[in-house]
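Let's walk through this structure together, one step at a time. Have the sequence and the 3D view open as you read.

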Amino acid sequence: LRELRSGSPSPHSSSSASSPAPQNGTLQRLPGAIIIGVRKGGTRALLEMLNLHPDVEVAKAEVHYFNVEEHFHRGLSWYRSQMPFTLPSQLTVEKTPGYFSAPLAPARVWDMNPAVRLLLIVRDPAERVVSDYTQVLHNRLTRHKPYQPLEELLLQKGHINPKYKALQRSLYHQHLSRWLEVFPRDQIHVVDGDALIRDPFPELKKAERFLLLPPKINPSNFYYNTTKGFYCMLTAGHDKCLDESKGRPHAPLSVQAFKQLCHYFRKPNKLFFEMVGRSFSWC
Ligand SMILES: Nc1ncnc2c1ncn2[C@@H]1O[C@H](COP(=O)(O)OS(=O)(=O)O)[C@@H](OP(=O)(O)O)[C@H]1O
């Protein structure tokens, strides 16, 4: 438990677990838990909701340490400097959805701390593709860059184009198998992102248990915001919804193309269900 809380590095890593600059008895510590993905799975919602717990402090921005070479080569002291200040009893959590599909990330995370707890939040992979495209589209429109319609990227001569990056990011079994080459299954907790949208509290309870945290998150920490169309958070009189980049209207896709997408994911989903030992009611 102590190792989990302090995020102690493995004997192979060169730096110590906490920064040398204390602030009111607090230090910056390596994370004891990381939300590794998936992109557009609900990683921000999960991080902010875990942050409701008094024993949890989170890195506000995505750190991209294990998946971006330039960051990784800055070393663990740089990584630690991106973390919040915490007391020894608190758990530091960071989220970078890009870790999940980054080939070198599993071994690098293990080298940092083989006892680190990993959270993976998944969502219907077909919906995730549309969400992923919608985000890229939004970024391109904001920068006045040209863009292709989703259907053009997704289909080639009427068939699913397996080279489309957003599609590949939804092949959860492929990415998870790399993590399972390095980490034992029980060190990776799978969160149902669709369930988190419908009713966050039960998913948060399970995550709390997995992280060995005392049960402090309550149903009263959540309320459904009809304007936002999502659950928002309430703590100590503060009301917090995620920003407008979360829960955007999705880009249009024909019913036929969406059906093809669902069909395409049938086999990969089955492999993923076998890997995690549970199934999800995806399209
Ligand atoms: N409570 C609450 N409020 C708002 N949004 C919520 C919430 N819970 C889950 N979600 C879903 O989170 C999706 C975005 O996922 P991520 O945060 O992982 O996206 S990102 O990869 O960091 O860009 C986002 O996906 P889209 O709806 O496709 O935008 C949301 O559906």
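Helices (H or I, at least four residues) and strands (E, at least two) are DSSP runs, numbered from the N terminus. This is a predicted model, in which local features need pLDDT of at least 70 and side-chain atom pairs count only at pLDDT 80 or more, while totals for chains, interfaces and linings use all residues. Residues are numbered from 1 along each chain as its sequence is written, and side-chain values use heavy atoms, with hydrogens and water left out.

Let's begin with the ligand. A residue is near it if one of the residue's heavy atoms lies within 4 Å. There are 23 residues around the ligand, and those that come nearest are Lys40, Thr43, Lys95, Ser131 and His250. Sorted by class, this shell holds eight nonpolar, seven polar and eight charged residues. Here Ala, Val, Leu, Ile, Met, Phe, Trp, Tyr, Cys and Pro count as nonpolar, Asp, Glu, Lys and Arg as charged, and the others, Gly among them, as polar.

Which element gives the most to the shell around the ligand? That is helix 2, with four residues.

Now look at some polar contacts, meaning pairs of N or O atoms within 3.5 Å. A backbone N or O atom of Lys40 is 2.8 Å from a ligand oxygen atom, and one of Tyr231 is 2.9 Å from a ligand nitrogen atom. Lys246 uses a polar side-chain atom, which lies 3.0 Å from an oxygen atom of the ligand. Taken alone, the ligand exposes 650 Å², and the protein buries 96% of that (Shrake-Rupley method, 1.4 Å probe).

Follow the chain through the loop between strand 2 (33-37) and helix 2, where you will find Val38. The peptide bond from Gly37 to Val38 is cis, with omega near 0 degrees. Lys40 is in this loop too, and has a positive phi of about 65 degrees although it is not a glycine.

Finally, turn to helix 2 itself. Side chains of opposite charge can pair when their charged atoms come close. In a salt bridge, a side-chain nitrogen of Lys or Arg is within 4 Å of a carboxyl oxygen of Asp or Glu. Glu48 forms one with Arg44, and their closest N and O atoms are 3.1 Å apart. Because Glu48 and Arg44 are four residues apart in helix 2, about one helical turn separates them.

Note on methods:
A polar contact is a pair of N or O atoms within 3.5 Å; within protein, one must be able to donate a hydrogen and the other to accept it, and residues adjacent in sequence count only if both atoms are side-chain atoms.
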